[in-house]
Amino acid sequence: MLALRLGLRLAARRFQSPRALIAGLLTLGVVLLCAWAERRTGLVGAPDRALSRVTFGAALPLFACFVLHLACSTRRLEEAVSVLALMGLNRRSATLGLLGGGALLCTLMGAVLGDATVLVARPLTDPALAGDVLATTWIGALAGLGYAGWFALGSTFGRDGRGRLWFLLVDWLFGVSSAAVLLPSPRACVSGLLGVVPGPGTSLMLCAALLGGLALACSLLATWRSAP
Amino acid sequence: MLTFERASAGTLNHCNLTLTPGLHVILGHEREGTRDIVELAAGACPPRSGVVRVQGRAPHRTPELRRRMVSLRHHEQLFPSKTVLEAVRIALAARGLAIAPEQTLERAHIARWADRPPASLDARECRSVAACIALNVESPLLAALHEPLAYLPGLSAALLSERIANWVEQGALVICTTSSPTSARALGGHVWLLDRGRLLPHTAGASAWPIVPGQQTVLLVRTPAARALAAALSHVEEVAAVAFDETHHTSEVRVQGPDPKRLALALTRAARAHGIPVLAIVPSLPDIEFTRAANAGYLRAAYDAAYRSAQLQPQAERSPHART
């Protein structure tokens, strides 16, 4: 329990850096700008385009990748908690705590980015705005969680955890597939949730379950790949 | 017991060693893997290949084992808290030590760093704080220390030496790595020489310095009357060589001889006889390269001697005198 708590605290300390704040503000700024540009291009379907192309398609994955990069202190996941491991604490428990901190930040950011996009891309007088914001909140939060797990697993591969970048590439290359069921990547699941690329058998609930399951499986696998 | 079976990590390749409780000093260059030995023994990283075991278990995969071990690595990390004091508090709490962090820092004479953020400490200061935390562990199973008598600003070497002696008395396995023969000599214990990834036991025997076989004792004498002392020593039988550099070191004389005790006595006698004040007598040890070369030469000579005697034995058996 102490390892879990200290892992969470370690993540919190690493996020208290100016780089994290700058990355967050920059991501939000880009998302707002793109949402505004989509609205200027055409009001019909502007939120969907902004959410699928920029917010959850590029901004959130990049931000989540950076969050895990910060949480791991530019190293592999296992090495990221070595300061606690050498005190005699269990690496796996500390890793879970560290990933918990990262997942929390990504979840919050996903919800904030989604809401900000909808609020800018859709007119404030739109009667469907409230419902859309509510739906985007949970989709964004789930997407953030999914990406946190995805990049946590990526952080266990490669030298200095460079597997994060491979996973980002895999998500971009294979996530455009309509069949989230065939290759469950966060991007494919989020596309299914937004209803942008409805594939065969990719219902809303199935996509949500897939994304949640993916986050959980990736996090557990990442923890298991670390030594105790 | 610490066991390495063909363990490789960093620059260390296929290292085999078995160390029992006691003080072991590994003398070698960092580029040959002295720091990797500490990393592996402390369980900071897994071996690239081979096996590392402490009491039959892998330290990298056993938190209970790591809790009973202390380490001082080349690059130490502190918990990224707001202050050094908080980082020390967390480290002590994680180890289950009920000691006030203020007291810990005070005892090591580095209390002035308490309010500094750990990120502001340089690598050597981080090592000092890590050593200060390690000193609180009462009876560790294993202590793996890299350069315990160097690169520790603010921390007294006597305090560390005393603690190491204390751990050894309690039956711990203390393994120190250093690239300085002087530090190795100051630490004492069983000295091993790391030579291209192989560990050679020290070649103590008839040599003056146990870790440098065949090398005569060299004493560095500090005196305001260096020329007079050099002149006085030139006729002394126990002294094999005297070196005095009037241009660069006007108050130093280097004295060389085969027997350290006789040399020191002769030196003192000569100084008293001529009324020359002596400020300090410091043994001068050669560097690691010389130490390694001396050991390699010693081992080669031993091998040649064994080979020659093995060749002579059958000849002696074949000779008619041997039959009668």
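Which residues does Leu199(B) touch, not counting residues up to four places away in sequence? The last of the views below takes up this question.

The views come from a predicted model, in which local features need pLDDT of at least 70 and side-chain atom pairs count only at pLDDT 80 or more, whereas totals for chains, interfaces and linings use all residues. Residues are numbered from 1 along each chain as its sequence is written, and chains are lettered from A, with ligands numbered from 1, in the order in which they are written.

**View 1. Chain A has 10 helices and 0 strands.** Helices (H or I, at least four residues) and strands (E, at least two) are DSSP runs, numbered from the N terminus. The radius of gyration of chain A, taken over C-alpha atoms, is 18 Å, close to the 17 Å that the globule rule (2.2 Å times the number of residues to the power 0.38) gives for 228 residues, so chain A is as compact as a globular protein of that length.

**View 2. Helix H2 (residues 18-41) and helix H6 (residues 91-121) of chain A cross at roughly 30°.** The axes, which are lines fitted to C-alpha atoms over the stretch in contact, with angles running from 0 to 180 degrees between N-to-C directions, come within 8 Å. That makes H2(A) roughly parallel to H6(A), a term for angles under 35 degrees.

**View 3. Chain B meets chain A through 17 of its residues, which are in contact with 16 residues of chain A.** On the side of chain B that touches chain A, helix H2 (63-67) and helix H3 (84-94) of chain B each supply at least two residues. By class, that side of chain B has 9 nonpolar, 4 polar and 4 charged residues.

**View 4. Leu199(B) lies in strand E9 (residues 198-201) of chain B.** Leaving aside residues up to four places away in sequence, Leu199(B) touches Cys15(B), Leu17(B), Ile26(B), Trp192(B) and Leu194(B). Leu17(B) is 182 residues apart from Leu199(B) along the chain, and their C-alpha atoms are separated by 7.2 Å. Leu199(B) is partly exposed, because 19 other C-beta atoms lie within 10 Å, a count in between the 20 or more of a buried residue and the 12 or fewer of an exposed one.

Technical notes:
Contact = placed C-beta atoms within 7 Å. Parallel < 35°, antiparallel > 145°, perpendicular 65-115°, else oblique. Nonpolar A, V, L, I, M, F, W, Y, C, P; charged D, E, K, R; others polar.
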